[in-house]
Each structure stands twice: as structure tokens, then as C-alpha cells.
Amino acid sequence: REKSMLRARINLDEALGSDTDERMAFAGTNSLNPMQSTVFDAAYNSRENLLICAPTGAGKTNVAMLTVVSHLRDVGLIGAAYYD
């Protein structure tokens with residue numbers, strides 16, 4: 001596949017904040033790969049259902065973690081709402 005057609009990698013410090021609970025879930029990871037970056041908005045900023053089909057090693061687990069972190073943030077178990 002032509003690399004120019006791939007989505008740009010999302011920097012996690014920029015997307016989640018560099019010193020947040022949400023960012024700590026991805027310690028050791030600087031950016032999302034192109035597949036993860038493509039579904040980031042749906043996984044992290046939406047409560048819609050997702051079906052991710054990708055080969056082994058494509059990063060599906062990190063996409064699942066985005067949904068978990070998003071849910072924990074939304075219900076106030078992590079993030080700024082937790083400390084209020």
C-alpha cells in the first residue's frame with residue numbers, strides 16, 4: 001500500500017495530554033499507528049459500537065484500551081473529574 005495514503009500517526013501527548021491518567025494507560029507508547037489513528041476519534045470520542053478487523057499485530061488491543069480509558073473518563077473514574 002502506498003504510504004502517502006496512510007493516515008498520519010497521532011501523537012498521544014498531543015491527543016491525551018502529556019501528564020494525564022488517560023496518557024498513563026499508554027506508557028511507553030509515543031504515537032498510534034496508522035490503523036489506530038484512523039479509528040481514534042470513534043474509539044476515544046464516541047460511545048458508538050466498533051468492529052475492528054485487522055491482522056495479528058496491527059494494534060487492536062490499543063484500540064480496545066482507548067475505548068476503556070474513554071469509558072473510565074466519561075464515568076469519572078479517571079481524569080480531571082476524578083480529582084474534583
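The structure is a predicted model, in which local features need pLDDT of at least 70 and side-chain atom pairs count only at pLDDT 80 or more, while totals for chains, interfaces and linings use all residues. Residues are numbered from 1 along each chain as its sequence is written, and side-chain values use heavy atoms, with hydrogens and water left out.

**Helix H3**

- Helix H3 spans 34-44; helices (H or I, at least four residues) are DSSP runs, numbered from the N terminus.
- Its N-terminal end is capped by Asn 33, which has a side-chain oxygen 3.0 Å from the backbone nitrogen of Met 35.
- The buried residues of H3 (buried means under 20% relative accessible area, with a 1.4 Å probe and protein chains only) are Pro 34, Gln 36, Ser 37, Val 39, Phe 40, Ala 43 and Tyr 44.
- The cover over these buried residues includes H1, helix H2 (21-24) and H4.

**Pro 34**

- Pro 34 lies in helix H3 and counts as buried because its relative accessible area is 19%.
- Leaving aside neighbours within four places in sequence, Pro 34 is in contact (heavy atoms within 4.5 Å) with Leu 6, Arg 7 and Arg 9.
- The C-alpha atoms of Pro 34 and Arg 73 are separated by 24 Å, and these residues are 39 residues apart along the chain.

**The largest nonpolar core**

- In soluble globular proteins, nonpolar side chains tend to be buried together.
- A nonpolar core is a set of buried Ala, Val, Leu, Ile, Met, Phe, Trp, Tyr and Cys residues joined through side-chain atoms within 4.5 Å.
- The largest such core has 13 residues, of which Leu 16, Phe 26, Leu 32, Phe 40, Tyr 44 and Leu 66 touch the most other members.
- Helix H1 (12-16), H3 and H4 each supply at least two residues of this core, and H3 gives the most, with four residues.
- Not counting residues up to four places away in sequence, Phe 40 touches Ile 10, Ala 15, Leu 16, Leu 32, Asn 45 and Leu 66.

**The largest pocket**

Methods. Buried means under 20% relative accessible area, exposed over 50%, partly exposed in between (1.4 Å probe, protein chains only). A polar contact is a pair of N or O atoms within 3.5 Å; within protein, one must be able to donate a hydrogen and the other to accept it, and residues adjacent in sequence count only if both atoms are side-chain atoms.
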